Amino acid sequence: MLSYTFIAIVAAVLTWLELPRMRREKEYREIWGFAAFMLLAIGISVAQTMLKEIPTPLVFITAIFKPFSDLLSAVGLIQ
Amino acid sequence: MPEVKISLRQVSILTAMYLIGSAILILPSGMASMAKQDAWIASLVGMGFGFIILTVQWQLSRKYPETNLLCLSEKLLGKWVGKIVNLLFLVTLFLGGPAPVLHDIGLFMTVQMLPETPIQAIIYLFGLLVILGVRLGLEVLARSAELLFPWFLLLFLSMSILLLSTIKWENAQPILETGVSPIIQAAISFVSIAFLPNIVLLIVYPGSVNRSEDTHKAVYIGCLIGGLVLFMIIALSILVLGPEVTARNQYPSYILAKNINIGNFLQRIEAVMAVMWFITLFFRISLYTYAITIGFSQIFNIKNYQPLVLPIGWIMAMVSVFIYPNVPYEAHFNKKIWGPYTITVGFLFPLFLLCLHYLRKKRPQKSKKSSNSA
């Protein structure tokens, strides 16, 4: 429970730091971008608190570059 | 977005700091495990490769000065294809670039200096510092690089000079025992960690240097300085520790600093030397994050990148805690996947765009438009 409160506090503080200035200067695209990344950040933080073992996102890069890696090691350019 | 202008001297210094970055910590071990006592030759070969790659990257940039890589790929690939390619590039760069480097500094601290501190504490504190730097902008980063570079040089040179008495030349013999193939492998590992990620600089520099026609020269000078520093670190680890000890340790340059011993009086100064890689790693993570943030703001047509820094920095700090589940995974990733990935984005991608540029020039209808804008 403590970590959820902490996430909420961090999110509130960051919004409080950024939002008033963006609203004053009427930067609406910026507000949308900020909100989208903020939601992503909150989502990742909550997921990390809920799941003990979270799979690393590097598996995607590994999956995409595995064939190229195999090719290079067959040629002998990487180990 | 505030107008940013940095000088050529600052470009050189930032490039050198970015290049040295995390390589000074993790490079000697991997290279010594591949090329054994010839790792120093491999680093020279790697510098040769590296300058070829730099030429390709900056040749592309000089065709379109003042246009950064992401605008350029939108221009050459078309708007929507370009945007999708840019998005994939930035997301993979985010997962492969700043987050692992931030993890590296946390791992280094928890393994070597503060074993009982949780890794999150170090990652969050260092991440906060990076967010602060990126939020304040490139100009502030460049000036702080200018301020910290003499300190870095002082530490680096004093470490090299203090180690001179412990050098054993037998460690480098026999030369070329392992043959050519391991040297090429080690050179490619050198290039993939030190030179290929310089593609990030093509996002950062165009449009923000006061004499943009000479940017590439400043970058070459910076890369030369950085490459020489890395060469000296690798050569010193081989000569002082020997290839086996270098390959077995996770952070040979830290063990190197532990070996300083002048008359049993000046010793155990490794914690002071560790300041050296805090400085370079800070600039590495900051430039990565800066490039990714301005990249995302360009994709979504956001004029001011600053509001995005805080959430992206938060995501970075969160992701870097679980980016590597364990140390063997990190070694495997660096050895097998990071090389092909950086070859793709750092060499094949700009080469592809360069070919596209020449093709567009040859085609009659579109040639007027593209040559005018060039």
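The following legends describe close-up views of a predicted two-chain model.

Residues are numbered from 1 along each chain as its sequence is written, and chains are lettered from A and ligands numbered from 1 in the order in which they are written. Because the model is predicted, local features need pLDDT of at least 70 and side-chain atom pairs count only at pLDDT 80 or more, whereas totals for chains, interfaces and linings use all residues.

Figure 1. The secondary structure of chain B consists of 17 helices and two strands; helices (H or I, at least four residues) and strands (E, at least two) are DSSP runs, numbered from the N terminus. The radius of gyration of chain B is 21 Å, close to the 21 Å given by the globule rule for 374 residues, so chain B is as compact as a globular protein of that length. This radius is taken over C-alpha atoms, and the globule rule is 2.2 Å times the number of residues to the power 0.38. The model scores ipTM 0.93 and pTM 0.92. In chain B the mean pLDDT is 89, with 97% of residues at 70 or more; pLDDT is the predictor's confidence in each residue, from 0 to 100. Over residues 367–374 of chain B, pLDDT stays under 50. Where pLDDT is low, the predicted coordinates should not be read in detail.

**Figure 2. Chain A and its three helices.** Chain A contains three helices and zero strands, in the order α-α-α from the N terminus. Its radius of gyration is 20 Å, well over the 12 Å that the globule rule gives for 79 residues, so chain A is more spread out than a compact globule. Along the principal axes, the C-alpha atoms of chain A fill a box of roughly 60 × 35 × 15 Å. Of the 79 residues of chain A, 20% count as buried. A residue is buried if 20 or more other C-beta atoms lie within 10 Å of its own, exposed if 12 or fewer, and partly exposed in between, with C-beta atoms placed from the backbone.

**Figure 3. The contact between chain A and chain B.** Chain B contributes 34 residues and chain A contributes 30 residues; two residues are in contact if their C-beta atoms, placed from the backbone, lie within 7 Å. On the side of chain B that touches chain A, the elements giving two or more residues are helix 5 (79–96), helix 9 (180–194), helix 15 (306–322) and helix 16 (327–362). Helix 15 of chain B provides the largest share of that side, ten residues. By residue class, this side of chain B divides into 23 nonpolar, nine polar and two charged. Here Ala, Val, Leu, Ile, Met, Phe, Trp, Tyr, Cys and Pro count as nonpolar, Asp, Glu, Lys and Arg as charged, and the others, Gly among them, as polar.

Figure 4. Not counting residues up to four places away in sequence, L27(B) touches F190(B), I193(B), A194(B), L230(B) and I234(B). A194(B) belongs to helix 9 of chain B and counts as buried, with 25 C-beta neighbours inside 10 Å. Although A194(B) and G50(B) are 144 residues apart in sequence, their C-alpha atoms are 8.2 Å apart.

Figure 5. The buried residues of helix 1 include Q10(B), Y18(B) and I20(B). Among the elements covering them are helix 2 (23–35), helix 8 (138–163) and helix 11 (215–241) of chain B. Helix 1 is followed by G21(B), whose phi is positive, near 25°.

Figure 6. In the loop between helix 8 and helix 9 lies P174(B), and the peptide bond from Q173(B) to P174(B) is cis, with omega near -10°. K36(B), in the loop between helix 2 and helix 3 (39–63), has a positive phi near 50° and counts as buried, with 21 C-beta neighbours inside 10 Å. N264(B) lies between strand 1 (261–262) and strand 2 (266–267); its phi is positive, about 50°, although it is not a glycine. N264(B) is exposed, with 6 other C-beta atoms within 10 Å.
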